[in-house]
Amino acid sequence: MFYTHLCRSMKRSLIFGGLLAFFFLLSSSLAASYDGPVYDFTAYTECKAQPEEPLYQGGILKNEPPVMGPRIIGEIATGFYTPAFVLKNLSQGNIYSFSSWVRIQGANSSLIKASLKTENKTYDCIGTVLAKSGCWSFLKGGFILDSPSNLSLLLFQNSDDKDINIAIASASLQSFTDQEWRNNQHYIINAQRKRAVTIHVSDQQGNRLRGAAITVDQVSKDFPFGSAIASTILGNVPYQNWFVERFNAAVFENELKWYATEPDQGKTNYTIPDQMLEFVRAHQIIARGHNIFWEDPKYTPAWVRNLTGPELQSAVNSRIQSLMSKYREEFIHWDVSNEMLHFDFYEKRLGPDATLNFYETAHRSDPLATLFMNEFNVVETCSDTKSTVDTYIERIRDLEKGGMYMDGIGLESHFTIPNPPLMRAVLDKLATLGLPIWLTEVDISSSVGKELQATYLEQVLREGFSHPSVNGIMLWTALHPKGCYEMCLTDENLNNLPAGDVVDNLLKEWQTREIEGQTDEHGSYSFYGFLGEYKVNVSYGNRTANSTFSLYRSDETKHFSIQL
């Protein structure tokens, strides 16, 4: 199944119609015209008999066949040879998006990893594909160089020590300057997160009113942007006010986890999550349910780790029944079996269908909730062989074949140093599943320092918000007296840290500011606004009217009429 996002059709209908340049003009910081490359969201996740045509007509790699280079393990060249492309004069800071079709011989399947070796550095993993024998699989990735390179090798190698043949076809490499990448982000944001509105003003006889004064305010946002909260928010009015001013979504950091609600067998206690739920309800904030089960035994209640067979099955059934019956229809999502690509506590003890049963039972218990997989190191890196994008997709498809009802992709997004073109390529491939994608636990490692945390956080948030298949973003920034998990937005006195400044600035950028204008000779006033809820005030002479309207995603202009 291939994924050609709406952007592909937009390129045909909008670019040729001149609207791409118009969208770019919506931001005064952008150039009046744009003739740079347009990012191609195309991705494929099935093995094909023949490779498709290269993206960007090959770009830098147009008509460039791969050479056979030595296979490298660590810093040592082996006696095996692998396909590679010789790249010349790569620029520091440019963003490179690449793709290729891969076919293997000598194994039924193998994880093929793309890496880049420059004069000064080896970029260990910049893209992967789970390739199969006898057909072509699509690899998509990308990289940004720390320093310019006169001569580099783009290598394709299997991730284990098997001696297999790797064939490459329809390869592409497209360079974007930082401004071109940002222009493409703005284009998608304006096309997908905004909508055109025309307000028509007339009197009660239907006569158009020219020169009527209009004021429009966005009062709420459609896109869910939130953060984790902990019990520390209870009774802390300044923290509550700070949170409500910024976020329209929340997730409980630890308070719903099994070890928190039932630390001792048979003694469930939902007092804290109940109080936290009262807080989000009172402020009309949506909440994710995190989580029902956690496959990592380290975070499984100690008494559960000692159970086996029927006793464990009984405890599992009781957990689902207790949690889901109490909170039925309260949470928009449930992370059902957390981090199941890395850990398998329950499947080891209850059999290979344990996860499938979790999802089936959760769906029966709360059929209106969206059920998610939730995993780390999917968009953060491609070096983790347990959670590559194809591994994630394969796991979902295997469970769906078993009849699993699951309709959400959760990406934890705990980054150290993000690779934006790789992140986007992974999102492109996941989007082929047609499921909503959420970044569920976004933060940047404290190891990079507060200033770089802010820089990298902005990169990640812009990538998420500008990808058309991302439906929501959650930060993992619950505030505690001694700090946060990895990244705080504020200090203990709610003064912004650099990451907090990034969030506040983006929240302002991604909201329609107050608009004031007058109707034209047709009695109309038009603008582009971010999706969400609006209030409008119209005055003409001594007459005034107030109303509200909603903007939801659509290709059509929203028409709204007001009579005075």
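Mentor: Buried means under 20% relative accessible area, exposed means over 50%, and partly exposed lies in between, with a 1.4 Å probe and protein chains only. Helices (H or I, at least four residues) and strands (E, at least two) are DSSP runs, numbered from the N terminus. The model is predicted, so local features need pLDDT of at least 70 and side-chain atom pairs count only at pLDDT 80 or more, while totals for chains, interfaces and linings use all residues. Residues are numbered from 1 along each chain as its sequence is written, and side-chain values use heavy atoms, with hydrogens and water left out.

An α-helix has 3.6 residues a turn, so residues three or four places apart point the same way. The helix covers residues 389-401, and its 13 residues should span 18 Å at 1.5 Å a residue; the end C-alpha atoms are 19 Å apart, which agrees. The expected span is 1.5 Å times one less than the number of residues. After α11 comes Gly403, which has a positive phi near 95 degrees.

Asp390 and Lys429 form a salt bridge through their side chains, at 3.0 Å from N to O. Asp390 sits in helix α11 and Lys429 in helix α12, so the pair ties together parts that are 39 residues apart in sequence. A salt bridge is a side-chain nitrogen of Lys or Arg within 4 Å of a carboxyl oxygen of Asp or Glu. Both partners are covered: Asp390 is buried at a relative accessible area of 10%, and Lys429 is buried at 1%.

Asp366 is buried yet has no salt bridge, and the nearest side chain of opposite charge, Arg328, is 5.4 Å away. For such charges, Lys and Arg count as positive and Asp and Glu as negative; His and the chain ends are not counted. Leaving out residues up to four places away in sequence, Asp366 touches Met324, Tyr327, Arg328, Glu329, Phe331 and Trp334. Arg328 has a salt bridge with Glu329 (4.0 Å, N to O). Arg328 is partly exposed, with a relative accessible area of 40%.

The whole structure holds 17 salt bridges. In another of them, Arg462 and Glu509 bring their closest N and O atoms to 2.9 Å. This pair also links distant parts of the chain, with Arg462 in helix α13 (residues 450-466) and Glu509 in helix α14, 47 residues apart. Arg462 is buried at 8% relative accessibility, whereas Glu509 is partly exposed at 30%.

Arg462 is also among the contacts of Trp510, which include Ile189, Lys221, Phe225, Leu461, Phe465 and Phe530 once neighbours within four places in sequence are set aside. Trp510 lies in the loop between α14 (498-509) and β22, and is buried at a relative accessible area of 5%. Trp510 and Phe465 are 45 residues apart in sequence and 9.1 Å apart in space, C-alpha to C-alpha.

Ile189 belongs to the buried residues of helix α3. In α3, 12 of its 15 residues are buried. Helix α3 (residues 178-192) reaches 21 Å from its first C-alpha to its last, close to the 21 Å expected at 1.5 Å a residue.

Two strands pair if DSSP finds at least two bridges between them. Nine bridges join β24 (residues 532-540) to β25. Across that pairing, Val536 stands opposite Ser547 and Val538 opposite Ala545. The hairpin of β24 and β25 has two residues between the strands, and Gly541 takes a positive phi near 65 degrees there.

Notes
Contact = heavy atoms within 4.5 Å.
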